[in-house]
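Hi,

Here is the structure I promised to pass on. Please open it alongside this email; my notes follow below.

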Amino acid sequence: CLLRLCNLADLQLVLPFLKPFCWGQLLRGIRFRHLDLLSINAPHIVVAEFLGYHPGIAFLSVDVCGAVHGPCPLDGRKLPALCDISAPTRCVMHLVSNNPISHVAALQLSKADLVPLCTLVTSLLMSTANLTVLQLEVSPTDYTPLDSLVRHIPMLRALKLTEYALSISYQAPAGQRQCWKDANAWGKKLRHLRHLNYFALHMCLPFTRISGDTDQEYAVIGLWGGHELPHPNLRRIVVWYWHGMPQERMVFWERRLSSADWYEWVKTRDIDHPDASLFV
């Protein structure tokens, strides 16, 4: 069936129960002359071989590596058109080398992907100077996730941070101190990312004392975006909080020019028990 789609430009192939050796058989001999986007959950050794015949890929999304020992099979793979990559953290660190990547989503899919944020950011900085869009999964116990970004990747235009659970049974205590709870300090760090236009944060903890309280949210969002000293470019903030809890919700805020020639932050959407596809 795939052999007949020689002019395919976008390919999303997710087969969760297909065994590794079957992937090689499925993709053997397949060539897409115009393939631009590939989203696939095949082992990376299979993906690496497939990419050898499709060097024009610009958008790539891969799942768990599958390599138990040694480097990722994608290490050193040169894709001159690649600009957007979504992959496990340790694989991203190899893929960005020698490729003109500007959009990166680094995912924590296994224990092997638990790389300290400062190490990941330093690796990205050494590998590419084009990075403007970044999605990271960070530990709930990391109190300085913005510090490395401010220091090494100040040209970011869009940033999405997602807190991952340390274990399946891990539940962060509601009183746990998070870096973003110091709204003034967080706002100052965001202002150092002068080109940032979009910021999204996904957390398991409460964002406000009362879920969905607009005034309480505004008190924090206003400090992040700046009341008296507005952020030079930040226009949109999305916060998904209380994830997995009855109070779970996602809120969308935008900075708009008021009638008094003054910028104000306005909540444009408020969704309880949101679908993950809205967090973009």
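Arg249 is buried, because its relative accessible area is 15% and buried means under 20%. Keep in mind that this is a predicted model.

Arg249 sits in strand E10, which covers residues 249-257. What does the side chain of Arg249 make a polar contact with? The partner is the side chain of Asp270, at 2.8 Å. Asp270 is also among the residues that Arg249 touches.

Next, strand E8, residues 198-202. E8 is mostly covered, with five of its five residues buried. In a regular strand, side chains alternate between the two faces of the sheet. In E8, Tyr198, Ala200 and His202 point one way. Phe199 and Leu201 point the other way. Both sets are buried.

E8 has these strand partners:

- Strand E7 (residues 158-163) runs parallel to E8, and five bridges join them. Leu159 has Phe199 in E8 as its bridge partner.
- Strand E9 (residues 236-241) also runs parallel to E8, again joined by five bridges. Here Ala200 stands opposite Val238 in E9.

E8, helix H7 (residues 214-225) and E9 make a right-handed β-α-β unit.

Best wishes

Definitions and conventions:
Residues numbered from 1 in each chain as written. Predicted model: local features only at pLDDT ≥ 70, side-chain atom pairs only at ≥ 80, totals over all residues. Heavy atoms only, no water. Buried < 20%, exposed > 50% of the residue type's maximum accessible area, 1.4 Å probe, protein only. Helix = DSSP H or I, 4+ residues; strand = E, 2+ residues; numbered from the N terminus. Pairing = 2+ DSSP bridges. Right-handed = clockwise from strand over helix to strand, strands pointing away. Polar contact = N/O pair within 3.5 Å; in protein donor to acceptor, adjacent residues only side chain to side chain. Contact = heavy atoms within 4.5 Å. Lists of a residue's contacts leave out its neighbours within four places in sequence.
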